[in-house]
Amino acid sequence: MRTKQAITKKLDTSTEKAWNAIRNIDGLDRWFPIIGSCRVEGSGVGAHRKMELEQGGDIVDLIEDIDGDQKRLVYLRTISPFPVTHYRGTVEVFDSYDGQAIVSWTIDFDSEPEDSAGVAELVRNAISDGIDGMERELR
């Protein structure tokens with residue numbers, strides 16, 4: 001079952017600072033409470049972001065696109081402890097009317113129908129916490 005989960009938040013930081021944090025592709029262990037460690041192998045498109053969860057489990061993301069003009073990062077989750085068969089994340093940063101950043105983080109994933117709601121809730125909560133953590137760091 002294909003599911004799309006989008007989380008959008010206005011941050012108390014500039015668009016430039018938010019985009020610089022996102023495009024550097026690291027830092028997730030500082031922003032997301034569920035991530036214990038994060039390291040990046042390679043740089044830019046084609047890099048692998050490897051994470052370990054606090055409660056155990058490994059995550060690996062392949063960076064598919066970094067578009068500075070559109071302020072958009074796309075990654076494919078190639079290893080996940082969650083019940084998904086496909087997982088792609090898109091993070092975009094937009095300008096608010098007042099110069100602050102709006103971060104939109106969208107996850108598209110495939111899972112069994114009985115797992116969809118639970119994964120969507122996990123994604124929504126984790127991404128929301130991560131965006132809040134990024135905002136705290138950037139203030």
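Start at K71, which takes a positive phi near 50°. K71 belongs to the hairpin of strand 4 and strand 5, with four residues between the strands. Keep in mind that this is a predicted model.

**Stop 1: along strands 4 and 5**

Select strand 5, residues 72-79. Strand 5 runs antiparallel to strand 4, and seven bridges join the two. Now pick V60. Which residue stands opposite V60 in strand 5? Look for I79.

**Stop 2: back to strand 3**

For one partner pair, click H48 and then L62 in strand 4. Next, go to the turn. Strand 3 and strand 4 form a hairpin with four residues between them. G56 sits in that turn, with a positive phi of about 100°.

**Stop 3: R49**

Stay in strand 3, residues 48-53, and select R49. Is R49 buried or exposed? Its relative accessible area is 2%, under the 20% cut-off, so R49 counts as buried.

Show the side chain of R49 and the ring of Y75. The charged end of R49 sits over that ring, 4.9 Å from its centre. Then bring up I25. The side chain of R49 reaches the backbone oxygen of I25 at 3.3 Å.

Now widen the selection around R49. Leaving aside neighbours within four places in sequence, R49 is in contact with I25, L28, C38, R39, V40, I59, V60, D61, I63, L73 and Y75.

**Stop 4: the aromatic pair**

Select F32 and W105. The structure holds one aromatic pair, and these two residues form it. Their geometry is edge-to-face: 5.6 Å centre to centre, with 75° between the planes. F32 lies in the loop between helix 2 and strand 2 (35-41), while W105 is in strand 7 (residues 100-110), so the pair ties together parts that are 73 residues apart in sequence. Check the surface around them: both F32 and W105 are buried.

**Stop 5: R30**

Finish in helix 2, residues 28-31, and select R30. R30 is partly exposed, because its relative accessibility is 49%. How far apart in space are R30 and G130? The distance is 8.4 Å, although 100 residues separate R30 and G130 in sequence.

Notes: Residues are numbered from 1 along each chain as its sequence is written. This is a predicted model: local features need pLDDT of at least 70, side-chain atom pairs count only at pLDDT 80 or more; totals for chains, interfaces and linings use all residues. Side-chain values use heavy atoms; hydrogens and water are left out. Buried means under 20% relative accessible area, exposed over 50%, partly exposed in between (1.4 Å probe, protein chains only). Rings of Phe, Tyr and Trp (its six-membered ring) pair if their centres lie within 6.5 Å; planes under 30 degrees apart count as stacked, over 60 as edge-to-face and the rest as tilted. A charge sits over a ring if NZ of Lys or CZ of Arg is within 6 Å of the ring centre and within 35 degrees of the ring normal. A polar contact is a pair of N or O atoms within 3.5 Å; within protein, one must be able to donate a hydrogen and the other to accept it, and residues adjacent in sequence count only if both atoms are side-chain atoms. Contact means heavy atoms within 4.5 Å. Two strands pair if DSSP finds at least two bridges between them.
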